[in-house]
Amino acid sequence: MKVVSMPMTVTPSQVRTGASQHSITMIMGMWLIIGLFIDGFAHNHGAVETFFTPWHGILYSGYLACAVWIFMMIRMNKITHRYATWTEAIPVGYKLGVAGVILFFIGGLGDMYWHTVFGIEKNIAALLSPTHLLLLAGALMILTSPYRAISHAEKGAAPTFRQLLPALTSIGLTFTVFAFFLMYAWSFRQNLWMAREQDAIGRAIVDFMLTTMILVIPLMFVLRRWKLPFGTVTFFFLFEAIFLAVLDGFAHYGSIVILLISGIIGDVLFHGIKEREVTDWRYKGVFFILPVLIWGLYFIGLKLFHTLDWPPELWGGAIFLCALCSLGLSILAAPVTPSRSE
């Protein structure tokens, strides 16, 4: 008797995507985020008077490119694995991305209605608009998909920068979007050195700490999973510096120089740690040093090219507080390795 074997249904864990597909996702995501920052520049400079603008065109065409590409990947998987359902054909790591496509679509429709009924928001009000926050949630679900997918697929402890580039871009875009919605707290955009009142000084120090967290936490995400490829620190720092500089037409280009120098030094320091074990105290030492470099260069720049009226207790204390914040986060972010006695 002839036995006929039936093909097995493909499970979601088997439907994976390659690095080239993740790279395309990130190109589409970059398109969307470029539109977001151009739209942010327009809002900050009073250039938005209606929903139908060229910068909205860039933003929503970037979203459409992301949506079409994710659908194409699902369809290709559906064709290749004939016995898979549409849900099972969604690539590993992309289910939240599909939800993000739907949520962004709802947010876009709501945004058009909101602008029609309530008008165009400006400054911080534009960041806190309910429909804009829906767009933020949808974008984050889309942008984080390659990172989730590569985290499942990449088994090596020390992949190269090229192997991790789509995942690094995914993380970089995600935190850049966070920075966009916290643009009022991005220290390089503020004339914080002019703060003299206690409330203003307190606000300035809070901004220093928030900016520090936005810069160092992406590195901790990578270190929890892999050894940092050389160039990662510079990549993340420049990524955020360049995008945030767009909001003011590159008027605050000094931040790019500061973060470039700090990123290169950070890469050299991390590269000098040969051990993979992220609990090594030297990793924590580098996370303490990075804010010292960033804000040390920042205050040196103020002293040379502007005015700095803060006493040493203030600027020195602000630097040290940011360094302690980074150190504490690095301790919490490091995976816990049980001792042998346990």
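**Salt bridges**

I started with R189, which forms a salt bridge with D248, the closest N and O atoms being 2.7 Å apart. My cut-off for a salt bridge is a side-chain nitrogen of Lys or Arg within 4 Å of a carboxyl oxygen of Asp or Glu. R189 sits in the loop between helix 7 (161-181) and helix 8 (198-223), and D248 in the loop between helix 9 (232-246) and helix 10 (254-271), so this pair ties together parts that are 59 residues apart in sequence. Helices here are DSSP runs (H or I, at least four residues), numbered from the N terminus. I checked burial too: both R189 and D248 are buried. Buried means under 20% relative accessible area, exposed over 50%, and partly exposed in between, with a 1.4 Å probe and protein chains only.

A note on the source: this is a predicted model, where local features need pLDDT of at least 70 and side-chain atom pairs count only at pLDDT 80 or more, while totals for chains, interfaces and linings use all residues. Residues are numbered from 1 along each chain as its sequence is written, and side-chain values use heavy atoms, with hydrogens and water left out.

How many salt bridges does the structure hold? I count 2. Besides R189 with D248, I found D207 and R203, whose side chains meet at 2.7 Å, N to O. Both of these lie in helix 8, 4 residues apart, about one turn of the helix. D207 is buried at a relative accessible area of 2%, whereas R203 is partly exposed at 40%.

**Helix 8 against helix 12**

For the record, axes are lines fitted to C-alpha atoms, for helices over the stretch in contact, and angles run from 0 to 180 degrees between N-to-C directions. The crossing is right-handed, that is, the near helix is turned clockwise from the far one by less than a right angle. Among the residues making the contact I noted T212, V216 and M220 of helix 8, and C322, S326 and L329 of helix 12. Contact means heavy atoms within 4.5 Å. By class I get 15 nonpolar, 3 polar and no charged residues. The classes: Ala, Val, Leu, Ile, Met, Phe, Trp, Tyr, Cys and Pro are nonpolar, Asp, Glu, Lys and Arg charged, and the others, Gly among them, polar.

I then zoomed in on S326. Is it buried or exposed? S326 is buried, with a relative accessible area of 0%. Leaving aside neighbours within four places in sequence, S326 touches T212, V216, M220, F287 and P291.

**Helix 1 against helix 7**

Helix 1 (residues 19-44) packs on helix 7 at about 20 degrees, axes 9 Å apart. Helix 1 passes helix 7 in a left-handed crossing. This contact has 10 nonpolar, 7 polar and no charged residues.

**Two loop residues**

S129 lies in the loop between helix 4 (124-127) and helix 5 (130-143). S129 is buried at 3%. Leaving aside neighbours within four places in sequence, I see S129 in contact with W114 and E121.

Last, F250, in the loop between helix 9 and helix 10. Phi of F250 is near 65 degrees, a positive value in a residue other than glycine. F250 is partly exposed, with a relative accessible area of 40%.
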